[in-house]
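Let's work through a few exercises together. Have a look at the chain first, then try each task before reading its solution.

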Amino acid sequence: MISAKYASSLLENKITAISLAKIQKQEYTEDENGRMVCSMTGAELRHLLHANKGSFYSQLEPVAINMTSRSIGFSDPSRNGGEFEYISVIDKAKYKDGVFSVYFNPDLRYYISELEKNFTIFELPIMLNFKNGYSFRLYELLSSRAYSSKYEKNQTGTYKITFNLSELKLSMGVVNAELDAVRRELNTKKVPDYDKAVAQSPEKKFEKWYEFRRCVLNVATEEINEKSDIYVEFKPLQGGVGNKTYGVEFYVTRKNQRKEKQDQGQVDLTEDQKFQFHIQLNSLLQEYQVNLNDILAISQASGYNYDLVAEAKAQLDYAGDVKNPVGWLISCIKKGGYQTTPVKMAKKNSFHNFEQRKYSREQMDDLEKILLNQGRKS
């Protein structure tokens, strides 16, 4: 159900999460057809969703329509002359006398009740705290994979999870997989061509990578990192003609593991943190006209310690005319400096302070262009 591709509202996702939580806690009834029925009063929904007082009637009707049209299943045209199976998830949803009731298909009982394996545990308060629908879906997708041995995990406990860009858009509901043109492309092949499926969509939303990154992934990962039990970083995967972005690689760490490593001083910088460190060095050393390769070399020599670089730069300023300032800086960092007269330095941002520094996405985009242009010139 988590990996199914569909577009849904945040309210629909939250009500589905509440309903499934009720099933796990055995807080449901059964009707004469064997359907598990989860009922929620308006007061209960307002409490769980932190909503204002008032009727949910107008908000719940579109939720009910979408819920009852959702199905999951598989299609394999190559097996025995063609084979498929689809199951409606929710048979009925109704609102009456201030109570919203969800009726689950009895054929799903095995998959959503009394599970013993192949399931993901979510903390309901985390799910209900999200304000953005994309955050909710990305959290589901990444958390479900951050338990699995199928995904690569490094020594710091960080999972590397890779998505094809088009598949990710379909999974997060950015592109609606339930549109007829898209569904035909997805359901008629054993291995769907997600790029073709997205191209078939008449809805054009966040088509460009920079739009999708800024308006979807940046917003979602920032909220996930702030409100959930996982920490997420990502980078684009690029290649082919025009070096286009074809996928996204996520790095997911459970926060309890991340804190343990931080306490032991063992957490490596993420790619995003390294990038921001490079931006700081570019600003600090701009008078010496350093290029991207210079910045990378200085960063590695200092172990990404801003104080060391700032102190070495102060010695360089004091030394006067130096023919190879970058080489001088690196040697100064490695050997403890060429200081001949004590120079008092005001403490700059160490890594711990630096990690908390906030940049606007527009600033990062502009500086990224500067650094990349410098790298090309070098």
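Predicted model: local features only at pLDDT ≥ 70, side-chain atom pairs only at ≥ 80, totals over all residues.

**Exercise 1.** Which residue takes a positive phi in the hairpin of E5 and E6, and how many residues lie between the strands?

Residues are numbered from 1 along each chain as its sequence is written, and side-chain values use heavy atoms, with hydrogens and water left out.

*Solution.* 
- Step 1: find the strands. Helices (H or I, at least four residues) and strands (E, at least two) are DSSP runs, numbered from the N terminus.
- Step 2: look at the turn. Two residues sit between E5 and E6, and Asp97 has the positive phi, near 55°.
- Step 3: check the pairing, which requires DSSP to find at least two bridges between two strands. E5 and E6 run antiparallel and are joined by six bridges; one of the pairs is Lys92 with Tyr103 of E6.

**Exercise 2.** Work out the order of the strands in the open sheet, and what lies across them.

*Solution.* 
- Step 1: pick out the edges. E1 (29–30) and E5 (90–96) each pair on one side only.
- Step 2: E2 (residues 36–41) pairs with E6 (residues 99–104) over six bridges, in the antiparallel sense, and Met36 faces Phe104 of E6.
- Step 3: The angles run from 0 to 180 degrees between N-to-C directions, with axes fitted to C-alpha atoms, for helices over the stretch in contact; contact means heavy atoms within 4.5 Å.

**Exercise 3.** Is Asn13 buried or exposed?

*Solution.* 
- Step 1: Asn13 belongs to helix H1.
- Step 2: apply the cut-offs. Buried means under 20% relative accessible area, exposed over 50%, and partly exposed in between (1.4 Å probe, protein chains only). Asn13 is buried because its relative accessibility is 5%.
- Step 3: look further along the chain. Met127 is 114 residues away in sequence, yet its C-alpha atom is 8.8 Å from that of Asn13.

**Exercise 4.** Describe how H7 packs against H6 and against H10.

*Solution.* 
- Step 1: start with H6 (residues 133–145) and H7 (residues 165–172). Their axes come within 9 Å and cross at roughly 115°.
- Step 2: list who touches whom. H6 brings Tyr134, Arg137, Leu138 and Leu141, while H7 brings Leu168, Ser171 and Met172.
- Step 3: turn to H10 (residues 209–227). H7 and H10 pack at about 35° with axes 13 Å apart. Here Leu165, Leu168, Lys169 and Met172 of H7 meet Trp209, Phe212, Val216 and Leu217 of H10.

**Exercise 5.** How many disulfides are there?

*Solution.* 
- Step 1: recall that a disulfide is a pair of cysteine sulfur atoms within 2.5 Å.
- Step 2: count by that rule, and you get zero disulfides.
- Step 3: compare two cysteines. Cys38 is buried, at 0% relative accessible area, whereas Cys215 is partly exposed, at 36%.
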